[in-house]
Amino acid sequence: MTDIDYQDLAERFGTPLYVYDGDVLHDTITGLRAVLHPAIEVFYSLKANPNISVFAALHHGGARAEVSSIVELQTVLKAGARPDDIIFLGPGKSQEELRACLDTGVYAIVCESFDELDDIERLGAELGKQQRVLLRINPTCAISGSRLTMGGKPRQFGIDEAQVLAAGPRLAEYRHADVAGIQVYMGTRILDAEVIGKNTRYALDLAERVAAETGIRLEAVDIGGGLGVAYFEGEDDLDAADVAAEINPMLEAFHRAHPATRLIMESGRFLAGRAGVYVLGVRYVKESMGERFAIADGGTHHHMAAVGIGSFVKRNFPAVLLTPRAAGEDTDDTVEPGPWTVTGPLCTPNDTLLKQVKLPDLRPGDLVGVLNSGAYGPSASPGLFLSHGFPAEVLVRGGAAFLVRDRDEPADLLRKQHLHQPLTDSMGSEPR
């Protein structure tokens, strides 16, 4: 955490609140690009955090854009991304989304099925355009080491490696869907540079095999990414220099063999995750059957990732007390902090952000920060549960704070609803 006055931000913008450190965003993307081979381009995955100002900060540092919806496409264009630096992914793209890609002239559509490839061919013929396509390939094998495996087994993502190889020369025969490379995304949340290296080697080798078997050009190869962030005890952050040491020699060899091939790496969580803090205000403290609870104004409806969905055991994101204490207050080093269970305001026992976490004695009005919260926050959470809406988001750059998303107000949530008044009540009478 850098020197940000969270107390001041909470007073100005209210809580709960997402705070993004623009300096960390910029330093992370520029630091990654500085150590990687110059032939590889980093594309920011907007699914991690689609806030337009978060992308703008990363784009200023040299990130391209990987999008998966029309809104994400419009976001990056509005932030200044060139169409030639945009790729569009997703296993179930709509006809509207495909048409938007062709109309915009994005660099590539990452195609995930043969039917989608046929749709791109048909739309291209209708519009009189040729669209570059990268085939997303579901690899035959999975490489262990990712927290979430994205390939190597039956998946909705991509086309099976065997099916692509069996397709043979027909992949090079499309006239409007210009099959010009591949994309492989084998896993995410990877914290071991050697695993990144193994994935990269597999993707590069597969690209050459596909080109040899099918006759497609290798105008671009997307090696995926999956660089992780350490959230839990016992985990260590991935060092970009270690990743570079693993993959740069492979990239150099491939680049020498294919100097005209554009090399792409995707990154979302790694670029945005450590730049964000979810700031909660404590409303009440209580004890129940020997367990201490702090009831906060924010919860899992804003930060579902912190709940540990899919995990058998609840593990806490790193969390700190953001409220300054007066000199001598709660500073006795002999007193073990916590444990506290920090919950939100929702009417469900699942609304538990932190379970038995070590924090100083909490009191109403305190601010608690859930760290590493810059990725998969509001946009990956059920913000409309109990009609609370989404929190405000603030970007801090060079010590100055900028509101980059308004907090949802009741009128915002009601505006899209339409009241239908029944003509009769349940007893058959007209309502009074």
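Predicted model: local features only at pLDDT ≥ 70, side-chain atom pairs only at ≥ 80, totals over all residues.
Local features need pLDDT of at least 70, side-chain atom pairs count only at pLDDT 80 or more, and totals for chains, interfaces and linings use all residues. Residues are numbered from 1 along each chain as its sequence is written, and side-chain values use heavy atoms, with hydrogens and water left out.

View A. Pro 16 sits in the loop between α1 (6-13) and β1 (17-21). Helices (H or I, at least four residues) and strands (E, at least two) are DSSP runs, numbered from the N terminus.

**View B. Met 289 has a positive phi.** The value is near 50°, in a residue other than glycine. Met 289 belongs to the loop between β13 (276-288) and β14 (291-296). Met 289 is exposed, at 88% relative accessible area. Exposed means over 50%, buried under 20%, partly exposed in between (1.4 Å probe, protein chains only).

**View C. Ser 387 also shows a positive phi.** Phi is about 60°, although Ser 387 is not a glycine. The loop here lies between β18 (367-370) and β19 (392-397). Ser 387 is exposed, with a relative accessible area of 54%.

**View D. Helix α6 spans residues 114-127.** Its 14 residues reach 20 Å from first C-alpha to last, close to the 20 Å expected at 1.5 Å a residue. The expected span is 1.5 Å times one less than the number of residues. Buried residues include Leu 117, Ile 120 and Gly 124. The buried residues of α6 pack against α5 (95-104), β5 (108-111), β6 (131-138) and β9 (177-183); contact means heavy atoms within 4.5 Å. Just after α6, Gly 128 takes a positive phi of about 70°.
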